[in-house]
Amino acid sequence: MIKQKKAVFLDRDGVINIDSGYIKKPEELKIYPFAAKAIKQLNNAGFLVVVVTNQSVIARNLCAESMLSLIHKKLETDLATNDAVIDAIYFCPHHPNIPMSKSNHKFVKECECRKPKPGMIFQAKADYDIDLSQSFIIGDSERDIQCGKNAGLVTIGVKTGNSVQGSVKPDVIKQDLLAAVDYILQIKSES
Ligand SMILES: [Mg+2]
Ligand SMILES: [Zn+2]
């Protein structure tokens, strides 16, 4: 039997990069200085690194899909220059209710991928044969944590970005992505 892979799922805004509101072009993406080091450590420890991000900028007609691709290209190339690799990026372009006049209507709908729904996690599991029970999610928002719980992941909140405000509590809270990764690697070394 081939061993299933372990993954660390990362929210994007407020975890890897500064959450400066709707990010609509590559120049607006400011990656935290510690992000590459953290992701590189996950790479070296054999975890798949999978970004799962709600990007209602598409449904809101603030950003085209082609522009979001450029934003993610910048994310990947900036990290790669520091030897950090993102294995996959999943995004939800939808939103359930945006006024018609302000929307890109084909993306205005109830979907299965917008966090807190676990659709992006389940898609990644299918694509990469991930053992979710051995995997983690790191997020700054309640909906990341709820998504992780819905998918059976260990949930880690970070104090950057939205600082996990709300009633849904993660399994553990750490200062930032780097501290969260240190925690994961410490558990791994003890098991
Ligand atoms: Mg976030
Ligand atoms: Zn969606």
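**Entry 1. Pairing of β1 and β2**

I take two strands as paired if DSSP finds at least two bridges between them. By that criterion I looked up β1 and strand β2 (residues 48-54), and I found that four bridges join them and that they run parallel. The model I am reading is a predicted one. Within this pair, leucine 10 stands opposite valine 51 of β2. I also followed the chain from one strand to the other, and I note that β1, α1 and β2 make a right-handed β-α-β unit.

**Entry 2. Overall make-up**

I listed the elements next and found five helices and six strands in the chain. Read from the N terminus on, they run β-α-β-α-β-α-β-α-β-β-α. I then turned to the dimensions. A compact globule with 191 residues would have a radius of gyration near 16 Å, and the chain agrees with this because its own value is 16 Å. Along the principal axes, the C-alpha atoms fill a box of roughly 55 × 35 × 35 Å. Buried residues account for 43% of the 191 residues. I also checked the contacts between residues at least 6 apart in sequence, and 63% of them join residues at least 24 apart.

**Entry 3. The sheet**

In which order do the six strands of the open sheet lie? I read the order as β3-β2-β1-β4-β5-β6, with parallel pairing. β3 (88-92) and β6 (172-174) stand at the edges with a single partner strand each, so each has one side without a neighbour in the sheet. From one strand to the next the twist averages 25°. I note that α3 packs on this sheet, where it touches β1, β2 and β3, and that the direction of α3 makes about 145° with that of β3.

I looked at which way the residues of β1 point. Ala7 and Phe9 point one way, Val8 and Leu10 point the other way, and all of them are buried.

β1 and β4 pair in the parallel sense over three bridges. I recorded two of the partners: phenylalanine 9 has isoleucine 137 of β4 as its bridge partner, and leucine 10 has isoleucine 138.

β4 and β5 run parallel and are joined by four bridges. Isoleucine 137 stands opposite threonine 155 in β5, and glycine 139 has glycine 157 of β5 as its bridge partner. The chain crosses from β4 through α4 to β5, and I note this β-α-β crossover as right-handed.

I then examined α4 itself. It lies across β4 and β5 and runs at about 170° to β4. The buried residues of helix α4 (residues 142-151) are Asp144, Ile145, Gln146, Cys147, Gly148 and Ala151. They pack against α3 (119-128), β4 (136-139) and β5 (154-158). After α4 comes glycine 152, for which I noted a positive phi, near 80°.

**Entry 4. The nonpolar core**

Which residues of the largest nonpolar core touch the most other members? Of its 52 residues, these are Val8, Phe9, Ile39, Val49, Phe136, Ile138 and Leu177. I followed up valine 49. Leaving aside its neighbours within four places in sequence, valine 49 is in contact with Val8, Leu10, Ile39, Leu42, Asn43, Val85, Ile86 and Asp87.

**Entry 5. Isoleucine 16**

I located isoleucine 16 in the loop between β1 (7-10) and α1 (35-44). Why does isoleucine 16 count as buried? Isoleucine 16 has 29 C-beta neighbours inside 10 Å, and a residue is buried if 20 or more lie within that distance. Beyond its neighbours within four places in sequence, isoleucine 16 is in contact with Leu10, Ile31, Tyr32, Ala35 and Leu177. I also checked isoleucine 16 against glutamine 175: the two are 159 residues apart along the chain, and their C-alpha atoms are separated by 13 Å.

Methods. Residues are numbered from 1 along each chain as its sequence is written. Chains are lettered from A and ligands numbered from 1 in the order in which they are written. This is a predicted model: local features need pLDDT of at least 70, side-chain atom pairs count only at pLDDT 80 or more; totals for chains, interfaces and linings use all residues. A residue is buried if 20 or more other C-beta atoms lie within 10 Å of its own, exposed if 12 or fewer, and partly exposed in between; C-beta atoms are placed from the backbone. Two residues are in contact if their C-beta atoms, placed from the backbone, lie within 7 Å. A crossover is right-handed if, with the strands pointing away from the viewer, the path from the first strand over the helix to the second runs clockwise. A nonpolar core is a set of buried Ala, Val, Leu, Ile, Met, Phe, Trp, Tyr and Cys residues joined through C-beta atoms within 7 Å. Axes are lines fitted to C-alpha atoms, for helices over the stretch in contact, and angles run from 0 to 180 degrees between N-to-C directions. The radius of gyration is taken over C-alpha atoms; the globule rule is 2.2 Å times the number of residues to the power 0.38.
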